[in-house]
Amino acid sequence: MRDDEHDVEYAVSVRDVSKNYGDVEALKDLSLDFPRGQLTSILGPSGCGKTTLLKIIAGLLSPTSGEVEVNGKTVTGPGPDRAFVFQDFALLPWASVIRNVAFGLELRGVAKSERESIAQKYIKNVGLSGFENSFPHELSGGMRQRVGLARALSVDAQVLLMDEPFSAVDEQTRRKFQEDLLSLVQQESKTFIFVTHSIEEAVFVSDQIAILLPRPSRVSEIIKPTGIRNKGTDNIRRDPEYLDIVDRIWASLRSYVE
Ligand SMILES: Nc1ncnc2c1ncn2[C@@H]1O[C@H](COP(=O)(O)OP(=O)(O)O)[C@@H](O)[C@H]1O
Ligand SMILES: [Mg+2]
């Protein structure tokens, strides 16, 4: 863990955020900073408020108290600076891959030729070249997720919000996607905020991991697996530091698993 981060620029700052749903205190006085150009995972047991936190950052939910700042401005609602990669990705079933990827740009009034060339670039970056004219029902679950990710990237949002994006895909697809995500984080200087309940996944993909404990939810620890970030993807899973961090996180979460 490092403590020398005076020059880190934070794209997103969550300050003393609480959220109550009636009597349920979903989040309590939660503060967390998300550095630009990095991937931060939010890891915690089911029901600890991960989705609530993401929706508040997206501006889809208002906090009961506290605030979120994106590039120094207080969030008051959804905005083009943040893109949500939805769990089920909300693709248009009747539209081709390229139309789906370009859809966010279409909504913003970008001309057809321009939006298709932007879409094409991200189709390539997420590994979908050759599937431009396919329809969602012709794709596997993992490929549909790539379409959703390409759509979020093509609108050029600074902050990408991902809520357990790999939970519905098989293990091999998930591993491939995790590797691709690591290279995307390196290519794009965006702020990735990634919710997962998988310890291994968080340690594999993250620059920093915020451990959330439930009832009421609070950040118990922030872990930065900096030592393993420069190892090739083939080596991370057997790296001693990777294994050590996975064990350490499990030790702090195990008593919360029902
Ligand atoms: N719309 C809602 N109304 C009432 N309670 C909710 C609502 N959404 C979430 N909760 C409660 O808030 C807590 C946090 O939920 P959530 O943010 O979905 O957690 P996670 O994504 O970590 O599983 C849970 O106790 C959940 O039951
Ligand atoms: Mg959730």
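Which strand and which helix each supply at least two residues of the shell around ligand 1? They are strand 2 (24-35) and helix 1. Before going on, some bookkeeping: this is a predicted model, where local features need pLDDT of at least 70, side-chain atom pairs count only at pLDDT 80 or more, and totals for chains, interfaces and linings use all residues. Residues are numbered from 1 along each chain as its sequence is written, while chains are lettered from A and ligands numbered from 1 in the order in which they are written. Helices (H or I, at least four residues) and strands (E, at least two) are DSSP runs, numbered from the N terminus.

Back to ligand 1. The residues around it (C-beta atom, placed from the backbone, within 6 Å) are Tyr 21, Val 24, Ala 26, Gly 44, Ser 46, Gly 47, Cys 48, Gly 49, Lys 50, Thr 51 and Thr 52. Helix 1 gives the most to this shell, with 3 residues. Helix 1 spans residues 50-58 and is mostly covered, with 7 of its 9 residues buried; that label takes 20 or more other C-beta atoms within 10 Å of a residue's own, with C-beta atoms placed from the backbone. Lys 50 and Thr 52 are among the buried ones, as are Leu 53 and Leu 54. Just past the helix, Gly 59 takes a positive phi of about 85°.

Strand 3 (residues 39-43) and strand 8 (residues 191-196) run parallel over 5 bridges, and Thr 40 stands opposite Ile 193 in strand 8.

Finally, look at a helix pair. The axes of helix 2 (residues 97-107) and helix 4 (residues 141-154) come within 7 Å and cross at roughly 35°. Those axes are lines fitted to C-alpha atoms, for helices over the stretch in contact, and angles run from 0 to 180 degrees between N-to-C directions. The contact (C-beta atoms, placed from the backbone, within 7 Å) includes Val 97, Asn 100 and Phe 103 of helix 2, and Val 147 and Arg 151 of helix 4.

Note on methods
Buried ≥ 20, exposed ≤ 12 C-beta atoms within 10 Å, placed from the backbone. Pairing = 2+ DSSP bridges. Contact = placed C-beta atoms within 7 Å.
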